[in-house]
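Subject: Structure handover

Hi,

Here is the structure I promised to pass on to you. Have a look at it first, and then read my notes below.

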Amino acid sequence: MELADPGTPTPPTDGVPALTSPPPPRRRRVPLLSVSIAIVAVLAGSALFMSCYSLGRHAAGDPGTPPSESDAFQPFWDTYHSINDRYAGGAVDRIAVIQGAIRGMIDSLGDPYSAYLSSDDYRKTLQGISGQFEGIGAEITSRSGNGTDGCAPLGPECRLVVTRPLPGSPAATAGVLPGDVVVSVDGNGVDGLDVDTARERIRGPKGSVVSLALQRDGKPVELAITRDIVQEQEVESRVLGDGTVGYVKLSGFSDTSADSVVSALKGHVGAGRTKLILDLRGNPGGYVTAARKIASQFIGSGVVFWEQDAQGNQVPTASLEDGVATDPRIQVVVIVDHGSASASEIVAGALQDTKRATLVGQRSFGKGTVQQWQELTGEGGAFKLTVARWLTPAKRWIHGVGLTPDVVVTLPDHLPVGTDPDLAKALEVLGVAATGSVSEMAA
């Protein structure tokens, strides 16, 4: 499955969707359709040379070891056989030894975007890049006493606050409300944790129960919530500028989110709006197929991105030519920031190079490599490996550099609550007064 992700958190072949993470996430055949941090990755069905190994006394006799490389592999097989035959410290878990060897091979590359995952971690990753997770379905943030979000660590002056229970989620069904402060999870306090660690404690397998101690208007509330599979709502659509501007915010690149973006754009264009804002801030990426589909909504024809393999071959990926907002009379602004990565950068870079949109905000993350997921047999898990670079239509490689917005917005160190300079500037670029529109976004 090929993905474009930021290394996380991120679309496949052989029936698995592609991502641009972590990830991120996937079918008509597209040349090495890879991508998003959220990750560019591909899920393939082939296996490593050790997946179906059989033991032998000589390297050249070990299946998967080419005779021409027998000398190079001799130390490996000697080590493996010594562990298996002579280790006296206890029983040898051969699966664990093999998985450790695979992990070591991947780690030796020194590539932050190539990694080995256990079967369980791989399953969770695929859920994440597909816009699903197992948990209670509540959006949370850390909030300081002055109302500013993003503080750390959690404590008396930095509380874990529910911003929204997702509609129809276990959290909503159990009665969790916006503004609830999470005090403890299963009897364990959250002070000293960061938001990500606290989130992992709240999440858990479908069917399991988590007990939350909450504070609501200063009063204690205890809730026992049965976890389930939750579909994230990755697309938010609003109308701004007194009805003249269609705003679409995208938080991930799953196949579901791409369809939702198309639906939202159809609604705005169908209503006669000729000014559109695509907000990709904080979006780590996902499936490259989703990135291609979303970019194609604005680019009528031509190259959306290029993919360059290990041999230097460059293959173009073209627009799907079925976009709903390709009319040049429709003005488009894309908002990006340092958290916009991978698939987000594929879309933003494509619209910038083709002059189809004006980029507003801060320099993007800079994730320009493509990973491929490869499943291993049995409970061997999977690994993702960097197999290509992706380039913008103008063949720019933004890895480690990022995209520089056409209109750079410098944010203050302390952003006043209820203000959004990026959105205000986007509206200004479209010739729309920001007064009233920014507060509408914060509602």
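Let's start with a hairpin: strand 17 and strand 18 have four residues between them, and in that hairpin G312 takes a positive phi near 90°. Strand 17 covers residues 303-309 and strand 18 covers residues 314-318; they run antiparallel and are joined by five bridges. Two strands count as paired if DSSP finds at least two bridges between them. V303 has A318 in strand 18 as its bridge partner.

Before going on, a word on where this comes from. This is a predicted model, in which local features need pLDDT of at least 70 and side-chain atom pairs count only at pLDDT 80 or more, while totals for chains, interfaces and linings use all residues. Residues are numbered from 1 along each chain as its sequence is written, and side-chain values use heavy atoms, with hydrogens and water left out.

Now another hairpin. Strand 10 (residues 209-216) runs antiparallel to strand 11 (residues 219-226), and eight bridges join them. R216 sits opposite K219 in strand 11. This hairpin has two residues between its strands, and D217 takes a positive phi near 55°. D186 also has a positive phi, of about 55°, although it is not a glycine. You'll find D186 in the loop between strand 8 (181-185) and strand 9 (188-189). As background, most residues other than glycine have a negative phi, and most peptide bonds are trans.

That brings me to a cis peptide bond, which joins A152 and P153 with omega at about -10°. P153 lies in the loop between strand 6 (138-144) and strand 7 (158-165). How many disulfides does the structure hold? There is one, and the disulfide joins C151 to C158, with 2.0 Å from S to S. The term means a pair of cysteine sulfur atoms within 2.5 Å. The link of C151 and C158 is right-handed, with 95° about the S-S bond.

Strand 20 (residues 358-361) runs parallel to strand 23, and two bridges join them. G361 stands opposite V408 in strand 23.

Finally, the helix pairs. Helix 1 (residues 70-86) and helix 2 (residues 94-107) have axes that come within 11 Å and cross at roughly 155°. That makes helix 1 roughly antiparallel to helix 2. Axes are lines fitted to C-alpha atoms, for helices over the stretch in contact, and angles run from 0 to 180 degrees between N-to-C directions. Under 35 degrees counts as roughly parallel, over 145 as roughly antiparallel, 65 to 115 as roughly perpendicular and the rest as oblique. F76, Y80, I83 and N84 of helix 1 make the contact with R94, V97, I98 and A101 of helix 2, where contact means heavy atoms within 4.5 Å. The residues of this contact of helix 1 with helix 2 are six nonpolar, one polar and one charged. Ala, Val, Leu, Ile, Met, Phe, Trp, Tyr, Cys and Pro count as nonpolar, Asp, Glu, Lys and Arg as charged, and the others, Gly among them, as polar.

With helix 6 (residues 255-270), helix 7 packs at an angle of about 10°, the axes being 8 Å apart, so the two are roughly parallel. Here D255, A258, D259, V261 and V262 in helix 6 meet T289, A290, K293 and I294 in helix 7. The residues of that contact divide into five nonpolar, one polar and three charged.

Helix 7 (residues 288-296) also packs with helix 8 (residues 343-353), at about 25° and with the axes 9 Å apart. Helix 7 and helix 8 are therefore roughly parallel too, and their crossing is right-handed. The residues of this contact of helix 7 with helix 8 are nine nonpolar, no polar and no charged.

Cheers

Note on methods
Left-handed = near helix turned anticlockwise from the far one by under 90°.
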